[in-house]
Amino acid sequence: MDKNRIIVFDTTLRDGEQSPGCSMNTEEKIKVALQLEKLGVDVIEAGFAAASPGDFDAVSRIAEQVKNSSICSLSRAVENDIKQSGLAVQRAAMHRIHTFIATSPIHMKYKLKMSEEEVIKRAVHAVEYAKTFVDDVEFSFEDAGRSEVSFMKEIMDAVISAGASTINLPDTVGYRLPSELGAMIKELSDYANDRAIISVHNHNDLGLATANTLSAVQNGARQIEVTINGLGERAGNSSLEEAVMAIKTRKDAFGELYTNINTPEIYPTSRLVATITGVEPQQNKAIVGKNAFAHESGIHQDGVLKHQETYEIMRPEDVGVFKDSTLILGKHSGRAAFRDKIQHLGFDKVSDEELNAAFERFKVLADKKKEVTDDDVRMLITDESLNQDKTYELVGLQISDCSNGIPMAAVSIKYKDQVMKDANIGDGTMDAIFKTIDRLTGYDGNLKDYKVLSVTEGKDALAKVTTRVSFDETSPEFVGHGLSIDTMLATAKAYLSAVNSYLSQKERLSKKTEHQI
Ligand code: KIV
Ligand code: ZN
């Protein structure tokens, strides 16, 4: 392998997705995986196949659809996990099993209750068993950041002999400082020499995840495990956009090192993940935050206008941030102008149905707004592609004036060409909407989270509502998305979208059991 190439291993769909409030349904995971492929990620950790039938389904469907990135599934060092991973990734063009066991004294003593010898034995067996499914096996020493280097050398010898080709050294609890982590990586990568690729996976508990990742790269790591927008357990993981752009921007510090990331896809990927999860990066987040390329003070604006590099170390367009184009859409714009616009915005995989549906919605929006901005169009297209499942479709909503003290909602929805109507009172307007939808669909949803965001500019901005709803004890929570100028309309759409997601997952899984796939 080229010694200067840094392999980018993205774990947004596993470590990112397992963090609270970030779960995604299968269709959403597939969309993210296809976008990660377009971004040029080398390895996509698509999930933890053994966690649930839904997770298995998502990993295997991603494995079937992604062609240019390797698909990986995480497994504890136990046979059933490894088997589920092996089966889930088997149809991928390129595939990997990632298995792990904790190696720090504190984890071995209190969590695993295992001796060092037992841990080594389990690790070796896990790698040997994984090799019966795939050639490419990655082994992680969980909590490597607090593990003894001498023990890691011992276990490294054993798992490399068993067939592991990547050794990942996670700073699981985000404890290390960059100088310490760099020294650890140097010692272990010198020790591994050419026998395996050394990988890092840093958590951000002290805000040092990306600094640690970069220090590791400077000290011999050739794989970085990262997530979009830095999502991940607790304070998150090292973010892909920060690590990749640091390597690209600071050639003086990283020399010939490079990644294969197609950097103009960074911003579209970040937007997709934020839209799907409903978790927005903070405004001042490096690279992808709303303010990352905004210059507020007069002195800065003056400087940038005179010479961009006075206050910008990267060009916004290199990460896919483009200023609004001059082609402004309004109510007289036709389908051709609309198609042009979405192509200009980088949506190259929009089906004719998605385009037509988004165009209809654009017309309705253009009637209410004088100018439809690039952001409005971006949101319409993304929303359309996230809400492809239209089992139940909102036709109309009427809510009572709450000033009389009795919140009420009348809802009409379409189901298999039939329009159904109902009305209900509730503790508040939202509650009345949800109760009416529950009665119409027959599903008793339990709202777990509700977020409303103004996603475009101006007083007639589009509101995006994200709901997280659970429908029964055994299945995960389902995310729904709704977009409208009117917040209550967006709320009703988001709730119905969660119902649709639940139904489609239920149907897919029951078909799988019937056919024993
Ligand atoms: O943080 C961690 O240690 C992990 C491993 C399972 C790789 O996520
Ligand atoms: Zn992790």
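Visitor: What spacing do the donors of the zinc ion (ligand 2) follow along the chain?
Guide: The spacing is D-x185-H-x1-H. A word on the ground rules. This is a predicted model, in which local features need pLDDT of at least 70 and side-chain atom pairs count only at pLDDT 80 or more, while totals for chains, interfaces and linings use all residues. Residues are numbered from 1 along each chain as its sequence is written, chains are lettered from A and ligands numbered from 1 in the order in which they are written, and side-chain values use heavy atoms, with hydrogens and water left out.

Visitor: What makes an atom a donor of the zinc ion (ligand 2), and which protein atoms are donors?
Guide: Donors are N, O and S atoms within 2.8 Å of the metal (3.2 Å for Na, K and Ca). Asp15 (OD), His201 (NE2) and His203 (NE2) lie 2.0 to 2.2 Å from the zinc ion. They therefore meet the cut-off of 2.8 Å. Water is not among the atoms, so sites may look incomplete.

Visitor: Which parts does the pair Asp15 and His201 tie together?
Guide: Asp15 lies in helix α1 (residues 12–16) and His201 in strand β7 (residues 197–202), so the pair ties together parts that are 186 residues apart in sequence. Helices (H or I, at least four residues) and strands (E, at least two) are DSSP runs, numbered from the N terminus.

Visitor: Are Asp15 and His201 buried or exposed?
Guide: Buried means under 20% relative accessible area, exposed over 50%, and partly exposed in between (1.4 Å probe, protein chains only). Asp15 has 2%, so it is buried. His201 has 5%, so it is buried as well.

Visitor: What is the order of the strands in the closed barrel?
Guide: Its eight strands run β1-β2-β3-β4-β5-β6-β7-β8, with parallel pairing. On average, neighbouring strands are turned by 25° against each other, direction ignored.

Visitor: How do you know that β2 and β3 pair?
Guide: Two strands pair if DSSP finds at least two bridges between them. Strand β2 (residues 43–47) and strand β3 (residues 70–76) have four bridges, in the parallel sense, so they pair. One contact to look at is Gly47, whose bridge partner in β3 is Ser73.

Visitor: Which strands do bridges join to β5?
Guide: Strand β4 (residues 95–102) is joined to β5 by six bridges. Three bridges join β5 to strand β6 (residues 166–171). Both pairings are parallel. Ser140 in β5 stands opposite Phe100 and also opposite Asn168 in β6.

Visitor: Why is β5 called mostly covered?
Guide: Six of the six residues of β5 (residues 137–142) are buried. In a regular strand the side chains alternate between the two faces of the sheet. Here Val137, Phe139 and Phe141 are buried on one side, and Glu138, Ser140 and Glu142 on the other.

Visitor: What makes the β-α-β unit of β5, helix α7 and β6 right-handed?
Guide: Point the strands away from you. A crossover is right-handed if the path from the first strand over the helix to the second then runs clockwise. The unit of β5, α7 (residues 149–162) and β6 is right-handed.

Visitor: What stands out about the phi of Asp143?
Guide: Most residues other than glycine have a negative phi. Asp143 has a positive phi of about 65°. Asp143 sits in the loop between β5 and α7 and is buried, at 0% relative accessible area.

Visitor: Is Asn193 buried or exposed?
Guide: Asn193 has 56% relative accessibility and counts as exposed. Asn193 also has a positive phi, about 55°, and lies in the loop between α8 (178–192) and β7.

Visitor: Why are α15 and α16 called oblique?
Guide: Helix α15 (residues 352–368) and helix α16 (residues 374–386) pack at an angle of about 135°, with axes 9 Å apart. Angles under 35 degrees count as roughly parallel, over 145 as roughly antiparallel, 65 to 115 as roughly perpendicular and the rest as oblique. The angle falls in the rest, so α15 is oblique to α16.

Definitions and conventions:
Axes are lines fitted to C-alpha atoms, for helices over the stretch in contact, and angles run from 0 to 180 degrees between N-to-C directions.
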